[in-house]
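Good morning, and thank you for the time at this meeting. I shall present one protein model, beginning with the terms needed to read it.

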Amino acid sequence: MSPRLFANAVAALCGAMFLGLAAVGPVSASELQTAVEGADASAGEGVFRRCLACHSNTAGGGNRVGPGLWGIVGRQVGSVDGFRYSAAMTGSEDVWTLESLNAYLENPRAAFPGTSMGFPGVRSETERLNLLAYLQTLKDQTE
Ligand code: HEC
């Protein structure tokens with residue numbers, strides 16, 4: 001193969017790999033971070049209407065069917081006082097990151113087998129990224 005043909009083949013292969021990555025969405029934590037930064041938090045507030053029946057979104061909003069979600073990004077999993085979590089979440093040492101929230105909100109039962117959250121998940125990636133951008137706003141904005 002001539003060097004030129006070889007270069008073309010490598011370029012085509014890289015292009016295919018790039019498209020492959022694009023098809024499965026953001027893969028690394030930093031790619032997800034960038035995608036969420038570019039997402040639409042106000043559209044995400046609209047997606048959050050699906051959560052409101054079970055989750056409050058304000059400081060001191062308290063627990064409903066599910067725990068209050070104020071400050072959820074960076075909060076320890078299963079840590080709201082007075083909420084009876086499933087065994088899947090009780091005593092977890094993990095902290096909710098954009099990555100773990102993305103996985104849980106895409107498919108709750110796959111990400112947390114045994115979770116008691118009776119919600120099928122948000123399958124649309126665009127909606128999920130907007131929702132994650134909105135969840136990040138649920139904290140004091142003084143930082
Ligand atoms: C039908 C009620 C219901 C709906 C709708 C629902 N959830 Fe939940 N959610 C729950 C319950 C119950 C739990 C506790 C799960 C457990 O203990 O396994 C939970 C847990 C969570 C947690 C973990 C909280 C923690 O303190 O660790 C997050 C994050 C969450 N839900 C986000 C959402 C979002 C975002 C939506 C909307 C897209 C949503 N939920 C929709 C009931 C619901």
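Let me begin with what a contact is: two residues are in contact if their C-beta atoms, placed from the backbone, lie within 7 Å. With that in hand, Leu-101 touches Val-73, Trp-96, Leu-132 and Leu-135, leaving out residues up to four places away in sequence.

Residues are numbered from 1 along each chain as its sequence is written. The model is a predicted one, in which local features need pLDDT of at least 70 and side-chain atom pairs count only at pLDDT 80 or more, while totals for chains, interfaces and linings use all residues.

I turn to the overall fold. Helices (H or I, at least four residues) and strands (E, at least two) are DSSP runs, numbered from the N terminus. On that basis the protein has seven helices and zero strands, and its elements run α-α-α-α-α-α-α from the N terminus on. Among contacts with a separation of 6 or more, 50% join residues 24 or more positions apart.

Next comes burial. A residue is buried if 20 or more other C-beta atoms lie within 10 Å of its own, exposed if 12 or fewer, and partly exposed in between, with C-beta atoms placed from the backbone. Of the 143 residues of the protein, 20% count as buried.

Which residues of H7 are buried? They are Arg-128, Leu-129, Asn-130, Leu-131, Leu-132, Ala-133, Tyr-134 and Leu-135. Helix H7 is thus mostly covered, with eight of its 11 residues buried. The cover over these buried residues includes H2, helix H3 (41-47) and H5. In H5, the buried residues are Leu-98, Leu-101, Asn-102, Tyr-104 and Leu-105. Their cover includes H2, helix H6 (108-111) and H7.

A nonpolar core is a set of buried Ala, Val, Leu, Ile, Met, Phe, Trp, Tyr and Cys residues joined through C-beta atoms within 7 Å. The largest such core has 17 residues, and those with the most contacts inside it are Val-36, Leu-101, Leu-131, Leu-132, Ala-133 and Leu-135. Two or more residues come from each of H5 and helix H7 (125-135). The largest share, six residues, comes from H7. As general background, nonpolar side chains tend to be buried together in soluble globular proteins.

How do H2 and H5 pack? Axes are lines fitted to C-alpha atoms, for helices over the stretch in contact, and angles run from 0 to 180 degrees between N-to-C directions. Helix H2 (residues 29-37) and helix H5 (residues 98-106) meet at an angle of about 75 degrees, and their axes are 9 Å apart. H2 is therefore roughly perpendicular to H5, a label for angles of 65 to 115 degrees, whereas those under 35 count as roughly parallel, those over 145 as roughly antiparallel and the rest as oblique. On the H2 side the contact is made by Ala-29, Leu-32, Gln-33 and Val-36, and on the H5 side by Leu-98, Glu-99 and Asn-102. By class, this contact has four nonpolar, two polar and one charged residues. Here Ala, Val, Leu, Ile, Met, Phe, Trp, Tyr, Cys and Pro count as nonpolar, Asp, Glu, Lys and Arg as charged, and the others, Gly among them, as polar.

The ligand is my next topic. A residue is near a molecule or strand if its C-beta atom, placed from the backbone, lies within 6 Å of it. Of the 27 residues around the ligand, Cys-51, Cys-54, Gly-66, Tyr-85 and Ser-86 come nearest. Helix H4 (49-52) and H5 each supply at least two residues of this shell. By class, the shell has 18 nonpolar, eight polar and one charged residues.

Finally, consider two loop positions. Asp-94 touches Val-77 and Ser-100, not counting residues up to four places away in sequence.

Gly-121 lies in the loop between H6 and H7. Gly-121 is partly exposed, because it has 16 other C-beta atoms within 10 Å. Gly-121 and Glu-106 are 15 residues apart in sequence, yet their C-alpha atoms are 4.9 Å apart in space.
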